[in-house]
Amino acid sequence: MSIRIRKFKTDDFEDVLCIESESFAEHNPFAYMHFYEMHGDMFLVAEYLDFIVGFIVGYRLNENEGRVFSLAVREEFQGRGIGAMLLDSLFKEFYSNLLKYATLEVRANNIKARNLYVKMGFIPCWIEKEYYSDGEDGIIMKMKLSSYKFHDLDLFAEKIEGMSLRDAEDFDE
């Protein structure tokens, strides 16, 4: 199966909303347009045969940290590595923006997502009691991007080769 990860386009909005409403009990369609307008480089989709099968949205939380706002894959395409591909692509965006850490929250009962995040290098840090509106706890997870093993390193290296030596030294701190 050939999956292509690319930047979100406004034509993808309906498909993203469909996946989002299938995946999450709480959803806000306007949030996605806001993220596209404010953080377009960090709004990515997974495409299979011109069909959107997943998406990820992230943003710069602060000077050093990127936040994964939302990740979802159509149910019939889950378990095929698409979530990992989307995370890998977002991590590259974070890294190329000189962010050092990634963070996210996940529902305590979402074992499948939690396992994916641990596999990708996230560490559970703390529990936010009754984080979600239905009273479910959220688990806050973080990772250090410099310890992540990026896929397609040659392609990624081309993207960041314009980074100055000073920027690279600051990043390793």
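1. The seven strands form an open sheet with mixed pairing, ordered S1-S2-S3-S4-S5-S7-S6. Strands are DSSP E runs of at least two residues, helices are H or I runs of at least four, and both are numbered from the N terminus; two strands pair if DSSP finds at least two bridges between them. The edges are S1 (4-7) and S6 (123-128); each has a single partner strand, so one side of each has no neighbour in the sheet. From one strand to the next the twist averages 25°, with axes fitted to C-alpha atoms (for helices over the stretch in contact) and angles from 0 to 180 degrees between N-to-C directions.

2. This is a predicted model: local features need pLDDT of at least 70, side-chain atom pairs count only at pLDDT 80 or more, and totals for chains, interfaces and linings use all residues. Residues are numbered from 1 along each chain as its sequence is written, and side-chain values use heavy atoms, with hydrogens and water left out.

3. S5 (residues 101-107) and S7 (residues 138-144) are antiparallel partners, joined over seven bridges. Ala-102 has Met-143 of S7 as its bridge partner.

4. Helix H3 (residues 82-96) lies across S1, S2 (43-48), S3 (51-60), S4 (65-73), S5 and S7, at about 155° to S4; contact means heavy atoms within 4.5 Å. Of its 15 residues, 13 are buried (under 20% relative accessible area, 1.4 Å probe, protein chains only; exposed is over 50%, partly exposed in between). Just after H3, Leu-98 has a positive phi of about 65°.

5. Helix H4 (residues 111-119) lies across S4, S5 and S7, and runs at about 165° to S5.
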